[in-house]
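Visitor: Could you give me a close look at a single part of this model, with the cut-offs behind each term?

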Number of protein chains: 6
Amino acid sequence: MNSKILCFGELLVRLSAPNHLTLQQTHSLDLQFTGAEANVAVALAQFNLSANYLTCVPDNEMGRMGLGMLRKYKVDTDSCVFGGERLGLFYFEMGIGHRPSKVLYDRSYSSLAMIEKGQIDWGKVLEGITWFHWSGITPAISQAAADATLEALQAAKERNITISCDLNYRASLWKYGKHPSQIMPELIRYCHLLVGDTETIDTYFGIKEMNIHLLASQTFDSFPNLQNIALTFRKSIHASHNTYRATLCTRSNFFESKEYDIVDILDRLGTGDAFMAGLIYALQKIENTEQYAIDFATAAATLNHTIYGDFNLLKVNEIEALMQGNTGGRVIR
Amino acid sequence: MNSKILCFGELLVRLSAPNHLTLQQTHSLDLQFTGAEANVAVALAQFNLSANYLTCVPDNEMGRMGLGMLRKYKVDTDSCVFGGERLGLFYFEMGIGHRPSKVLYDRSYSSLAMIEKGQIDWGKVLEGITWFHWSGITPAISQAAADATLEALQAAKERNITISCDLNYRASLWKYGKHPSQIMPELIRYCHLLVGDTETIDTYFGIKEMNIHLLASQTFDSFPNLQNIALTFRKSIHASHNTYRATLCTRSNFFESKEYDIVDILDRLGTGDAFMAGLIYALQKIENTEQYAIDFATAAATLNHTIYGDFNLLKVNEIEALMQGNTGGRVIR
Amino acid sequence: MNSKILCFGELLVRLSAPNHLTLQQTHSLDLQFTGAEANVAVALAQFNLSANYLTCVPDNEMGRMGLGMLRKYKVDTDSCVFGGERLGLFYFEMGIGHRPSKVLYDRSYSSLAMIEKGQIDWGKVLEGITWFHWSGITPAISQAAADATLEALQAAKERNITISCDLNYRASLWKYGKHPSQIMPELIRYCHLLVGDTETIDTYFGIKEMNIHLLASQTFDSFPNLQNIALTFRKSIHASHNTYRATLCTRSNFFESKEYDIVDILDRLGTGDAFMAGLIYALQKIENTEQYAIDFATAAATLNHTIYGDFNLLKVNEIEALMQGNTGGRVIR
Amino acid sequence: MNSKILCFGELLVRLSAPNHLTLQQTHSLDLQFTGAEANVAVALAQFNLSANYLTCVPDNEMGRMGLGMLRKYKVDTDSCVFGGERLGLFYFEMGIGHRPSKVLYDRSYSSLAMIEKGQIDWGKVLEGITWFHWSGITPAISQAAADATLEALQAAKERNITISCDLNYRASLWKYGKHPSQIMPELIRYCHLLVGDTETIDTYFGIKEMNIHLLASQTFDSFPNLQNIALTFRKSIHASHNTYRATLCTRSNFFESKEYDIVDILDRLGTGDAFMAGLIYALQKIENTEQYAIDFATAAATLNHTIYGDFNLLKVNEIEALMQGNTGGRVIR
Amino acid sequence: MNSKILCFGELLVRLSAPNHLTLQQTHSLDLQFTGAEANVAVALAQFNLSANYLTCVPDNEMGRMGLGMLRKYKVDTDSCVFGGERLGLFYFEMGIGHRPSKVLYDRSYSSLAMIEKGQIDWGKVLEGITWFHWSGITPAISQAAADATLEALQAAKERNITISCDLNYRASLWKYGKHPSQIMPELIRYCHLLVGDTETIDTYFGIKEMNIHLLASQTFDSFPNLQNIALTFRKSIHASHNTYRATLCTRSNFFESKEYDIVDILDRLGTGDAFMAGLIYALQKIENTEQYAIDFATAAATLNHTIYGDFNLLKVNEIEALMQGNTGGRVIR
Amino acid sequence: MNSKILCFGELLVRLSAPNHLTLQQTHSLDLQFTGAEANVAVALAQFNLSANYLTCVPDNEMGRMGLGMLRKYKVDTDSCVFGGERLGLFYFEMGIGHRPSKVLYDRSYSSLAMIEKGQIDWGKVLEGITWFHWSGITPAISQAAADATLEALQAAKERNITISCDLNYRASLWKYGKHPSQIMPELIRYCHLLVGDTETIDTYFGIKEMNIHLLASQTFDSFPNLQNIALTFRKSIHASHNTYRATLCTRSNFFESKEYDIVDILDRLGTGDAFMAGLIYALQKIENTEQYAIDFATAAATLNHTIYGDFNLLKVNEIEALMQGNTGGRVIR
């Protein structure tokens, strides 16, 4: 497989109170790195695809540490640019039982949010790239980031690069004066693969429709380049117990995953990114195997609930084992 | 609200083996502070009430550390007195699944157990106080502590202070030669609000009655000052899975909470104190809202199973969210 | 009770990634010691039996540390011999939910695997011993270890010592060129008590039979010295949720345990060894009480899922409490 | 003593790599709180003075946690205001031997840096205050913070409050377009006590003078309200070994401390704040005892090198023991 | 060597704030066990002597854990008795540089302090014992413990057992109404080997003499059974830097060790016990080698400053390497 | 600079007892990776050179983790081959003061020790390489590894690649029946740069000479390809305090570094590898600057004593700061 994927987005520091402590209680924080698109890149690298990551980080110990952690997991970070003053971060309180997890963002004024036109040489970074992935978080953080995303999409289109987007709506971002419906539709026009859920599609595109078939059909109508739309459905029984399933819509058909009952959740964050990566992996691995793709992506997301941190560190064979019904967790010796 | 609540009782060191280790296995102990009445004070402070705490601690690093931890959570410790030689403590082994938790008390001869008459100037500490809270643990630890409790109750009565008591029966205390039935009835006569369970009411007052309506009615008959009795009902499925519900009895009516199914229990200790605090908060916040009160108290106890340590650190809005059915633990961003 | 039990087998270092981290993520490893037969010895010592352990460890800090940890838990290690160059070890990744645990063996060339004839003076180590326990792991690790096992069994037989064996099949061992069916039958001929499961009995003895009564009867026919066969049945719902039950077969009867639903598994490893130890304890404690024995052994295995590490650290009264239905895990004060 | 001191400045999160790890290596960060003026407040509270702290923090878990940690150490935080979006923070790499410590600031756009006129009601917060303390860090972080400082000083002057300032020059701050010489002289005009060093006095006031007597005399000439100037002298042998001494200048005299040889430094940060607090404590405790004051402040700074974190947690008697020559660190039982 | 040594004294829990934190700062405590005589037993076991330990502990998880830790290090605990309610404990704050370490005792009412006459069967525990060791701490904790000590000494004398005592004066004990000079002289009359320092000899026996030769001679005069007196001399430069040397006095001669410069002290506690054990080991290993004995004991104490916790875990060859001048700490591969 | 360096050698797991605990005491081990040549590669990558690493690791979680950690620090691991069954490892006890550190090797039978002819395609891995680095450890571990080294050197010579060797004598290796003097001379014939010390030169080549000038001259005579020999001189005052200096010998001249006094050593391992990397970096960076080279290499080794773990993580500017005399460790803000 000669695909080469570039994921573009913000790298974040995740500072988690350990052992389900609340932030008020803790005296140490686990230091990890994340970012919806970085997570996708890491997952793809575990699937043995050539995964590249593009972001802007400050030229200091924290910026370099973040890129190092991506390289550890086989992501190529050579395209990254240095600039700006800070890595965005969030404090994380891990819920349990009836207590919800909390993400306390402190990501304003980050290096990527303050990226300047020209800092990224799109011609160079897209060289050899066959797939470009971005998410709805980037245009949410600042006008500059939204502009950079558009620039990227235009450059990618010129090079006939396949484009995927995870809609990823975060209401607490979008603070720079624009509503997502003013920004996202234009950006989505460039995309071939879209992942989202019904609420976000309503928020971004004003498509208010509970019937999935109709929803997909209206979305396809709005975005002629779109080839696949995947919708994920999560039910929260409580913080450590969710259910999860997904549907992949092509212009002609619908493919449904089984529904997983996910108990003893170790870490809920990043599971949507594992889904996204699973889909990218599976769709380009074998053609015409949409059913495999939605099954693989759903199993990847499910299994990623067992990994501490946002990165997906699971291998294809481990995910396929779950797909094939090996849900029992027997000790492997 | 101009209420000012004083909680009186023993401050304890809790030394827990981390990560569900047994005491025999562990090489470090988590250091926390607790005490039924201290826990109530902390919870009330989180509910933005003016919470004061009165105890006697040794004038050393451990005593000062304990008071400091209460101040951290906004409890006023200015009334506390220094004296005696040791803070009581217990070693704690956190159970899981079918293995029960163990509390290994080492609290004899503590500063409060050996309090001397006159060490506390009740006139001064009760100044401005509108509500006095104590529990059945204090008269259980020593004759001196039982005497101090009586002294307190008499002084509080003179000042028309509302009085609440959590019956809190601990069979492994009461080692100084008295049976609770010789001590508790006299002390309860001063109380307006009582929290307990059917077994303890039998042990303390000899009221053996499984019908709650009859039980409440007999208890009201025995204690003419009593206005409210709350009874809590816990079922232990296993160490990490309980159910919990409660009933509030007034002289004229009964109010029942829903029953919560509490899974993935992080820390079972202190949850009864969260209930007690929830009741104190809710009963004085809005009059004639007993149903809200029992619902709030039960939700507070339920949610507190998710907090490591005995202190309740949850806010009113978080508890109300659970009351309103937000049990799903979705990530808050 | 004047029984004195000798357990013979390999002592291993267990290096576990803490907190359900994967090995790729972790930067520290919990250091513990294990070994199927060492675990049995530790469990027997907790049951207040005289438990002796025999192995061969290198004469260095790690070898001495391992024996020290056994002594801590009251196992007599005076028979152990020093020799060879390394303690076998395994890296351990603790699964959760749908993610299986992984044991990554690095135990080749260990001190016991390379034991030499004559290093153990069987006459001396068996002095005063009334019961000898071994498992199918030892003959799996090397020809030398298989030879030593045979030597031990012959010496034990001469002294009329009762012999038990846990079949313990590990497919990833047996790398020295022999199939278990070439080695195990000869060794089992010496045994009085056998613990296993249907698959292993097929692998070792070629007895392919799903009907337990017939399976037991055929096994008894093959091995005239055998008095008891216990079969265990585990179902893996997921990594943190199993069911477990067992059957004890005598030559004339069958005794079945109840089936336990084991949730919130803290550590699955070593639970079979707790079963084995429970059986040894119960069978020699009181005669003609096979039902007690299978109940006790099953409860011991069940409860051991709540102990971190492979050692069983539970006492007889704690296991009996579970047998008697105290499954609720209420706090013990 | 009826003094009541208000310290005004920015509260910061300190995120330290533990055990002398570099930031690139660490996977957890110790979470502590600091701020030059907060540190002074904590130290004063340990000296049993009435210490109040004023800052602006975001109304979230981190802001509340920070204030809680100050209350733990007996600082009154009732004057604090909530506002803005983030607590400033810095990552900290603890040097050792020849490797210097590194402070990586990420404090731009903090709640205090973006304080708005009117957010603080100076009349109210200064009520009952007898001493006001600030430092050169506050006017360095933003124009808004510099403005607030001026407002504070004017209000304090109106109320005849004694004013102290620690010059605290941080070259990497002052990024909003002003040089300290444009801001600091006007603010210092209100001060009665000044702590600094020769370099900073040059940078702020253009007084370039190595002779301390002349330097003090010129500074007194420039600022007629000034009563005391203290100068500290640190020599860095290496990261874990410094020397430290100080001089207190009055308008008529000079008082010199002994020079301490400080080895095995545990934590160098915050030691200057301990000096500042020591001086405030000693100068108002007993009049006309400048020698005691400079000795106490120097000993406080010295001893604070042994406390992890920036807060000074030592008591008057511990500092006085060092002053009196008890440098040997014998075990106290 | 057929010697068998019995060490008698109190087993204590040591709860240390990790990483030089103060008790006020810490949120976990390292759990270790200690006791002057237990430490001697552990050290002797490392020297491959047969070391037995006698104490009284409560029959609970903490008591059993304590004995387990001694067995781990090869001490025989079979003589120990169970009884009483609590293990004594102390909180420990590890000093550094100019900050002294602090021991905060909480050991009153311990199982050994409340030992009853007859609880120990001296005839049985002294069977086969050739050397009995005790220290001045035991008679300091209670009259009952002092009585038990006397009983032991009388029984040991009847059996011609060699007796050693470490004077170990702790001013903060001796709270039961007796001054050591009322108790110790009678007990020392039974001893053959004494370890102490000049101040303690003054306190216990009223021998006020700075000339060591005269001091030894007067002490020998007072106690006719005494054969050897060892005096240790420690200078505290600061908490992490001491010097240490010792003198061994026989009735006819004096033997002086070299003086060690001990830097980078990891843990100062228990080093005197390592000295005591070194002396016991060396004096009975080879006769007429007093110079070896004092050199070995001093080197043992010196090297034990590098071991965390109070137990001495060093081997004879490691101590001898230091004696022979290998002070450089070169990596051993 | 277009240099591209390949370092070839064994990757090891380092398992260290934390906080200066002994192995007998510890219950967790810090997991790190090392290897003399891997350390050189990491250091070179920090100096912004293109550093490649070649080893053979098992295709499992531990092998992949090890390579990941190298990638984190910018080392290219694409040449590495998978094979064999185990990563070599060592347990590490960190000394302090007079207690030496201990390395307990468990590296026999490792993947590299059992490498097979043909597993590495030397033509491919040397493509584009300008410098090849190896050390005396590789031929010490097995005949197969020695053979592979020779193969590598021959292939490198054919390609005119510059070759460096760190003599790195480990007496406890060399267990396969050869003395280094039978193996090393042949291998060194290919080298241009050699780092060692006088003892090792004697052991390997039989050159017994204390005069450095004569020693260098004789070594140059024996190995005509050699251009530079560097000799390092370490004095161990104690485990935490060494001195370090070095000399660089060319065929015509001698260049001496200053001698550093290294106190408060955090981690002594890997410092020789930092020296080696410093030399490689400096010698190819600027020609004819031998004095800079020996100064830089010595400063790199010195500063690396402050980094936990064997990897050198310091940057050129940090090392140059030390070279220029900035030894004071002042806080960098």
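Guide: In this predicted model, chain A has an accessible surface of about 11,100 Å², and carbon and sulfur atoms account for 45% of that area (Shrake-Rupley method, 1.4 Å probe, with only the protein chains shown counting as cover for residues). Residues are numbered from 1 along each chain as its sequence is written, while chains are lettered from A and ligands numbered from 1 in the order in which they are written. Because the model is predicted, local features need pLDDT of at least 70 and side-chain atom pairs count only at pLDDT 80 or more, whereas totals for chains, interfaces and linings use all residues; side-chain values use heavy atoms, leaving out hydrogens and water.

Buried residues make up 68% of the 333 residues in chain A, where buried means under 20% relative accessible area, exposed over 50%, and partly exposed in between (1.4 Å probe, protein chains only). Chain A contains eleven helices and 15 strands, which are DSSP runs numbered from the N terminus (H or I, at least four residues, for helices; E, at least two, for strands). Its radius of gyration is 19 Å, close to the 20 Å that the globule rule gives for 333 residues, so chain A is as compact as a globular protein of that length (taken over C-alpha atoms; the rule is 2.2 Å times the number of residues to the power 0.38). Along the principal axes, the C-alpha atoms of chain A fill a box of roughly 55 × 50 × 40 Å. Of the contacts in chain A between residues at least 6 apart in sequence, 69% join residues at least 24 apart, a contact being heavy atoms within 4.5 Å.
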